[in-house]
Amino acid sequence: MNDFKKLDTPLEECKIIVFVCSTTGNGDAPSNADRCWRYLKKRSNPKDLMSGTSFTVLGLGDTNYNKFCYLGIGIDKRMNEMGGARFYPLGCADEGTGLEEVVEPWLDGLWPAVEARRAELASQGSSSASSASGDSEGETAEEAPAADAEPRTDGESLAGSQTPTPAATPPPPPPLTALFDAAAT
């Protein structure tokens with residue numbers, strides 16, 4: 001997770017982020033996630049820093065410690081405070097009872113949720129592109145024929161000699177950014 005500054009896109013500009021993180025000791029971030037955690041928890045960060053970001057968190061911990069999944073819960077809370085939108089529930093897996101009891105069902109639901117969120121973001125992008133270009137539902141260049149109008153049989157199109165404009169292709173779905181600490185993998 002500490003490599004977040006090496007991403008092609010700055011963390012706050014990522015559209016979808018999946019955090020998978022463990023908690024070490026009594027609520028500490030692992031050494032390979034501490035810089036990312038310090039960055040996220042800085043109180044000087046703007047309240048809307050993550051406003052364009054959808055995220056989810058899988059925390060790995062052990063209920064034998066007082067601060068169970070502290071880092072995962074902290075990242076989830078802080079992302080919300082900075083305007084991020086959780087698109088999939090926070091998962092808190094317990095080493096004490098078996099991580100797989102939470103991890104496997106969480107992962108089973110994660111990919112459909114990621115794909116649904118990507119599709120939602122892509123459709124938002126295409127609808128904003130349509131409205132920016134002046135295309136919107138209900139606006140047409142020509143008046144549509146009445147429902148009871150006779151069909152044309154003379155071979156001419158309703159638009160005359162004009163060629164129809166091709167539909168705009170929707171933008172590709174946003175990429176997924178996954179941040180893992182090495183202890184979690």
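**Close-up 1. Asp-76 is buried, at 7% relative accessibility, and it pairs with Arg-86 in a salt bridge.** Here, buried means under 20% relative accessible area, exposed means over 50%, and partly exposed is what falls in between (1.4 Å probe, protein chains only). Before going on, a word on what you're looking at: this is a predicted model, where local features need pLDDT of at least 70 and side-chain atom pairs count only at pLDDT 80 or more, while totals for chains, interfaces and linings use all residues. Residues are numbered from 1 along each chain as its sequence is written, and side-chain values use heavy atoms, with hydrogens and water left out. Back to the pair: the N to O distance between Arg-86 and Asp-76 is 2.7 Å. The two come from distant parts of the chain, with Arg-86 in strand β3 (residues 85-86) and Asp-76 in helix α2, 10 residues apart. Helices (H or I, at least four residues) and strands (E, at least two) are DSSP runs, numbered from the N terminus.

**Close-up 2. Glu-81 meets both Lys-77 and Arg-78 in salt bridges.** A salt bridge is a side-chain nitrogen of Lys or Arg within 4 Å of a carboxyl oxygen of Asp or Glu. Side chains of opposite charge can pair like this when their charged atoms come close. For Arg-78 and Glu-81, the N to O distance is 3.0 Å, and the two sit 3 residues apart in helix α2, so about one helical turn separates them. Shared partners then tie Arg-43, Lys-77, Arg-78 and Glu-81 into one salt-bridge network. In the pair of Lys-77 and Glu-81, the closest N and O atoms are 4.0 Å apart; these residues are 4 apart in helix α2, again about one helical turn. How buried or exposed is each member of this trio? Arg-78 is buried at 4%, Glu-81 is partly exposed at 28%, and Lys-77 is exposed at 52%. Zoom out to the whole structure and you'll find 8 salt bridges.

**Close-up 3. Cys-69 has a positive phi of about 50 degrees, although it is not a glycine.** Look for Cys-69 in the loop between β2 (54-61) and α2 (70-81). With 1% relative accessibility, Cys-69 counts as buried.

**Close-up 4. How many disulfides are there?** The count is 0, where a disulfide is a pair of cysteine sulfur atoms within 2.5 Å. Take Cys-21, which is in no disulfide: its nearest cysteine sulfur belongs to Cys-69 and is 7.9 Å away. Cys-21 is buried, at 0% relative accessibility. Cys-14 is buried too, with a relative accessible area of 4%.

**Close-up 5. Glu-95, Glu-100, Glu-101, Glu-104 and Asp-108 form a negative surface patch.** Patches are made of residues with over 30% relative accessible area and no salt bridge; like charges are joined within 9 Å, and nonpolar side chains (Val, Leu, Ile, Met, Phe, Trp, Tyr) within 5 Å. Asp and Glu count as negative and Lys and Arg as positive, with His and the chain ends not counted. Glu-95 is partly exposed, with a relative accessible area of 48%.

Note on methods: Accessible areas come from the Shrake-Rupley method with a 1.4 Å probe; for residues, only the protein chains shown count as cover. The place of a charge is taken as NZ of Lys, CZ of Arg, CG of Asp or CD of Glu.
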